[in-house]
Amino acid sequence: MSTFSTRLLHWYRKNGRDLPWRKTTDPYTIWVSEILLQQTQVTTVIPYYHRFLDRFPTVHALALASIDDVLKCWQGLGYYARARHLSLAAKKVVCEHNGKVPSSFDDLVSLPGIGRSTAGAILNIAFGQRHPILDGNVKRVLSRYFCILGDLKEKNNLATLWQHAEAILPPKNADLFTQAIMDLGATICVPKSPNCTACPVSRGCLAYQKGLAHKLPEKTAKKKVPHYDFIAAIIYSGKKVLIKKRPEKGLLGGLWEFPGGKFIGDGEINALVEKEIGQCVSLSPLDVKIQHAFTHFKMTLHLFSGAVKKRTVSDPALKWVSILELSDYAFSAAHQAIVVRLQDGAEYL
């Protein structure tokens, strides 16, 4: 294992990526970067990283911010639970840890949105401690190096991966090693067509020796992704439109959207929207359909429009806003596409 870490660190010192969060050891900054990077590629994260820290430069600034402001800054990045957890965790850090990111593993994993691997990365990089990590890149590297067959999510395989992650971690330079093995997975030991000839640890890689590197990790049978039809109603009153805030918990929690929801059959559309907005409205279909895929299902968003005379609302989550004011609110990707059309001047789309 010392050979693995020695070769990997030597490779990293020459080939490590120049990333903005590697120019600091500030625990808050590193914490933010680790949350942003969960299930998201580096190239996508970089502009969000700068934008987020410009808007919330300290944990105190984040703790004081409204969840609406946090979600607006996060808009377009997806997996919005990360933003909600980050906001809640910042408040907890300020209230329970005097505004300092904890340097204790147990304290860190008690914060919303921080698991064992994320905590290990923060502690390694920000505090110079020694903790194994096991993100997606590392799992792929270890599954190939040790030729682990089967589903990596299976309990025994997962335990084996953690054991290997601990064994290969050097007693010193855990911060560099953590970043090195993530870089290896992101640039060399990639999911498809791994570049084994350029890999610094290929000599000891069992999958490479057996010609199995491109087949690991083994893919599990994918479940059929269901498809659902949703509607979104653009409801006008004069020059304003009606939007609604989603519940804080659940899918896309805390984001804004146009009234509507999942539907089956045209006959339910008016009733569905009227129940949501608390007044009668006659909706007309628009020749616009928006396709969007979530992790567990796909949807087609069918657009309708209508108008009401009075701007009454029976639900505090409902709000009348001008087309220009829509930019002040955080929408999911599918509903943001409607906002863009409206602000581009497509009246009634």
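A search of the whole structure finds 12 aromatic pairs. A pair here means rings of Phe, Tyr or Trp (its six-membered ring) with centres within 6.5 Å. Planes under 30 degrees apart count as stacked, over 60 as edge-to-face, and the rest as tilted.

A word on the source. This is a predicted model, where local features need pLDDT of at least 70 and side-chain atom pairs count only at pLDDT 80 or more, while totals for chains, interfaces and linings use all residues. Residues are numbered from 1 along each chain as its sequence is written, and side-chain values use heavy atoms, with hydrogens and water left out.

Back to the rings. Which of them pair edge-to-face? Phe4 and Tyr145 do, at 4.8 Å centre to centre and 85 degrees between the planes. This pair links distant parts of the chain. Phe4 sits in helix H1 (residues 2-15), Tyr145 in helix H9 (residues 136-145), and they are 141 residues apart. Helices here are DSSP runs (H or I, at least four residues), strands are too (E, at least two), and both are numbered from the N terminus.

Are these two buried or exposed? Buried means under 20% relative accessible area, exposed over 50%, partly exposed in between (1.4 Å probe, protein chains only). Phe4 has 2% relative accessibility, so Phe4 counts as buried. Tyr145 is buried too, at 11%.

Now a stacked pair. The ring centres of Phe230 and Phe297 are 6.2 Å apart and the planes are at 20 degrees, so this pair is stacked. Phe230 belongs to strand S1 (residues 227-237). Phe297 is in the loop between strand S5 (284-293) and strand S6 (298-307), 67 residues apart from Phe230. Both Phe230 and Phe297 are buried.

Ring pairs link Phe4, Tyr145, Phe146 and Phe177.

Next, two helices. H2 (residues 27-36) and H3 (residues 42-55) pack at about 140 degrees, with axes 10 Å apart. H2 and H3 are therefore oblique to each other. On this scale, under 35 degrees is roughly parallel, over 145 roughly antiparallel, 65 to 115 roughly perpendicular, and the rest oblique. On the H2 side, the contact (heavy atoms within 4.5 Å) is made by Tyr28, Thr29, Val32, Ser33 and Leu36. H3 brings Val45, Tyr48, Tyr49, Phe52 and Leu53.

Finally, the whole chain. The protein chain has 14 helices and seven strands. Its C-alpha trace spans about 75 × 50 × 35 Å along the principal axes. Of the 349 residues, 49% are buried.

Methods. Axes fitted to C-alpha atoms, helices over the stretch in contact; angles between N-to-C directions.
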